[in-house]
Amino acid sequence: MNDVRTGGTGYTRDNVLALEDAMHALVASGSMVPADFPTEHFFVPGMYCRVMTMEAGVTFVGKVHKFEHFFILAKGEIVITVGDEVTRLKAPHVISSKGGVKRAGHVIENCMCITVHKTDKTDLDEIEKEVIEDD
């Protein structure tokens, strides 16, 4: 795997939330356009898979998942924060993503990100209620 850990950087969940607030304010003021991440959804009994493509240059803040799940970087390169670390991931890369973590990141090279969640649901709104924490 191509995992480069840069170590502690002083990032905290509060920093990630502050970044998210700043990004919302920029969008509200018209100074920034929200990114569009084309997404495909796949279902098999007991599992839901989401495939999302992201363009280079995009900075993002993710939602908090309630449960551990797989995150697969199938293509490209990203830098993400997890706790107080910045981690650079280059495809192909698979991680077990812990629940309860708020992440921010930046896309270095166009990428394809895949998450796999345990659920019997197939309605996207119901899945979100089940696996995503309320902001």
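The following questions and answers go through a predicted model of one protein chain.

Me: What makes up the protein chain in terms of helices and strands?
Reply: The protein chain has two helices and eight strands. Their order along the sequence is β-α-β-β-β-β-β-β-β-α.

Me: How do you know whether the radius of gyration of the protein chain agrees with that of a compact globule?
Reply: For 135 residues, the rule for a compact globule gives a radius of gyration near 14 Å, and the protein chain has 15 Å, so the two agree. Along its principal axes, the C-alpha trace spans about 40 × 35 × 25 Å.

Me: What percentage of the residues in the protein chain is called buried?
Reply: Buried means under 20% relative accessible area. Of the 135 residues in the protein chain, 33% are buried.

Me: Why is the link between Glu-68 and Lys-98 called a salt bridge?
Reply: A salt bridge needs a side-chain nitrogen of Lys or Arg within 4 Å of a carboxyl oxygen of Asp or Glu. The closest N and O atoms of Glu-68 and Lys-98 are 3.0 Å apart, so the pair meets the cut-off. This pair links distant parts of the chain, 30 residues apart: Glu-68 is in the loop between β4 and β5, and Lys-98 is in the loop between β7 and β8. The structure holds seven salt bridges.

Me: Why does Glu-68 count as partly exposed?
Reply: Partly exposed covers the range between buried, under 20%, and exposed, over 50%. Glu-68 has 48% relative accessibility, so Glu-68 counts as partly exposed.

Me: What makes Glu-109 and Lys-90 a salt bridge, and which parts does the pair tie together?
Reply: The side chains of Glu-109 and Lys-90 meet at 3.6 Å, N to O, and the cut-off is 4 Å, so the pair is a salt bridge. Glu-109 lies in strand β8 and Lys-90 in strand β6, so the pair ties together parts that are 19 residues apart in sequence. Glu-109 is partly exposed at 36% relative accessibility, and Lys-90 is partly exposed at 35%. Both belong to a network of salt bridges that also links Glu-77 and Arg-88.

Me: How do you know that Glu-126 and Lys-129 are separated by about one helical turn?
Reply: Glu-126 and Lys-129 are three residues apart in helix α2, which means about one helical turn between them. They form a salt bridge, with the closest N and O atoms 3.5 Å apart.

Me: Which peptide bond is cis, and where is Pro-92?
Reply: The peptide bond from Ala-91 to Pro-92 is cis, with omega near -5 degrees. Pro-92 is in the loop between β6 and β7. Most peptide bonds are trans.

Terms used: Residues numbered from 1 in each chain as written. Predicted model: local features only at pLDDT ≥ 70, side-chain atom pairs only at ≥ 80, totals over all residues. Heavy atoms only, no water. Helix = DSSP H or I, 4+ residues; strand = E, 2+ residues; numbered from the N terminus. Rg over C-alpha atoms; globule rule 2.2 N^0.38 Å. Buried < 20%, exposed > 50% of the residue type's maximum accessible area, 1.4 Å probe, protein only.
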